[in-house]
Amino acid sequence: MAEMEVTNKNTPKDSDDAAAAGEMKPWEQHSAVISIPRYDYKAPSSLLRRSFSGFLVTCPIKREKSATKEAMTILHKYLGAINTRDSIAEEDPQNIVSKRRKVATTGTEECTNDVENEVLNENNGAKEVPEGSCVSTTKSDANSETSNPLSLVKLTRSGLLLFTFSNDHSPDVVDIVSNIMQSLESGSLKAPLWCHRILPIQTTCVLHEKELGTLVSKLVADFLNNEGKELARPIKFAVGYNRRGIEETELKGKNNDSNPVALLDRNKCFEVVAAAVKNIVSDSVVDLKCPELTVLIEVLPVSGIPNGSPIVAVSVLPQKLIMTKPRLCIKALVLDVKSKK
């Protein structure tokens, strides 16, 4: 009898919630389904210690939250095998129920049934649990954030989003962006509203001559092993460098004497990258109009990085992902994006 009273009591509330959900605007529904991840506040120290791969996304200023949700939806769709095991576990309600049974502490049949109903409701899109049901804390809930392979890094500039992979086994970011571009061109993927460009970041490093040259040489060698066999000689390449509004004084810091390793300015960066390319491909020439291989160096305005230790993203990209006019950069996701983005 008590259960009937609880059910009757919740019926008007449930109907009101269903009506309210039906009246939600598209962007409100989008917000309800996808939550913005927390910033990874360990990222600054981690980026100074080792390299990361990921994505740099450009978007309109003051639309970073909408672009974050949109970017996560797109990227997770194309991550591929990295989420296979997690997605299989999430799609099978029996797996989740069995895990939640182990965590439930009451041990009663009613509580188990309530947990099963809660799981089934979640898989059917329900968001609220009726009053009187047993709610348990589960391992799958506690690990929902850690199972996400992408981490959101806080930046000091507006209109930019930085996602890095939180584990050592990252997928091929260039292939992911290539697949996104192909899907947009074929129409199988709807054009994004907020994300303008997605730059695949193959690796990161502090803007020092030796470290940058070593990483560029490795990436160029990998590129030639995968795609360079079909390229005619001499190979035409280009180098792009973007500070994203960060001044040279911010890159070098107030006191250069405290930094024993010389930082690179724009011109020196071009020299180091070009020398690294020619070290791997001796028969190569610079061609800014139609490069077959493009090295992009992008300064990342990561919050918490001290002046004098700038972090840069390094990528070696094929011709199909690059546009040269009006400037050398990654192609836009939509055709009407202004070149300054």
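Is Glu-271 buried, partly exposed or exposed, and at what relative accessibility? Glu-271 counts as partly exposed, at 49% relative accessibility. Here, buried means under 20% relative accessible area, exposed means over 50%, and partly exposed lies in between (1.4 Å probe, protein chains only).

This is a predicted model, so local features need pLDDT of at least 70, side-chain atom pairs count only at pLDDT 80 or more, and totals for chains, interfaces and linings use all residues. Residues are numbered from 1 along each chain as its sequence is written, and side-chain values use heavy atoms, with hydrogens and water left out.

**View 1. The whole chain.** The protein chain has twelve helices and eleven strands. Helices (H or I, at least four residues) and strands (E, at least two) are DSSP runs, numbered from the N terminus. Of the 341 residues, 40% are buried. The accessible surface comes to about 19600 Å². Carbon and sulfur atoms hold 51% of that surface. Such areas come from the Shrake-Rupley method with a 1.4 Å probe; for residues, only the protein chains shown count as cover. Now take the contacts with a separation of 6 or more: 77% join residues 24 or more positions apart. Contact means heavy atoms within 4.5 Å.

View 2. The largest nonpolar core has 49 residues. Phe-55, Phe-163 and Ile-180 have the most contacts inside this core. Helix 9 (residues 173-186) gives the most to the core, with seven residues. A second, separate core has 28 residues, including Ile-235, Val-239, Leu-264 and Val-314. A nonpolar core is a set of buried Ala, Val, Leu, Ile, Met, Phe, Trp, Tyr and Cys residues joined through side-chain atoms within 4.5 Å.

**View 3. Around Ile-180.** Which residues does Ile-180 contact, leaving aside its neighbours within four places in sequence? They are Ile-74, Leu-75, Tyr-78, Leu-189, Ile-198 and Leu-333.

View 4. Strand 4 (residues 197-201) is mostly covered, with five of its five residues buried. In a regular strand the side chains alternate between the two faces of the sheet. Both faces of strand 4 are covered. Arg-197, Leu-199 and Ile-201 lie on one side, and Ile-198 and Pro-200 on the other. Strand 1 (residues 54-58) pairs with strand 4 in the antiparallel sense, over five bridges. Two strands pair if DSSP finds at least two bridges between them. Thr-58 has Arg-197 in strand 4 as its bridge partner.

View 5. Side chains of opposite charge can pair when their charged atoms come close. A salt bridge is a side-chain nitrogen of Lys or Arg within 4 Å of a carboxyl oxygen of Asp or Glu. By this rule the count is three. Lys-218 and Asp-222 form one of them, at 3.2 Å from N to O. These two sit four residues apart in helix 10 (residues 209-226), so about one helical turn separates them. Lys-218 is exposed at 52% relative accessibility, whereas Asp-222 is partly exposed at 32%. Glu-271 and Lys-268 also meet in a salt bridge, at 3.8 Å from N to O. Glu-271 and Lys-268 are three residues apart in helix 12, so they too are separated by about one helical turn. Lys-268 is partly exposed at 31% relative accessibility.

**View 6. A salt bridge between loops.** Arg-233 forms a salt bridge with Asp-283, and their closest N and O atoms are 3.4 Å apart. This pair links distant parts of the chain, 50 residues apart. Arg-233 is in the loop between helix 10 and strand 6 (235-242). Asp-283 is in the loop between helix 12 (266-280) and strand 7 (284-286). Both are partly exposed: Arg-233 at 47% and Asp-283 at 33% relative accessible area.

View 7. Most residues other than glycine have a negative phi, and most peptide bonds are trans. The peptide bond from Arg-233 to Pro-234 is cis, with omega near 0 degrees. Pro-234 lies in the loop between helix 10 and strand 6. Lys-325 and Pro-326 are also joined by a cis peptide bond, with omega about 0 degrees. Lys-62 has a positive phi, near 70 degrees. Lys-62 sits in the loop between strand 1 and helix 4 (64-78), and is exposed at 71% relative accessibility.
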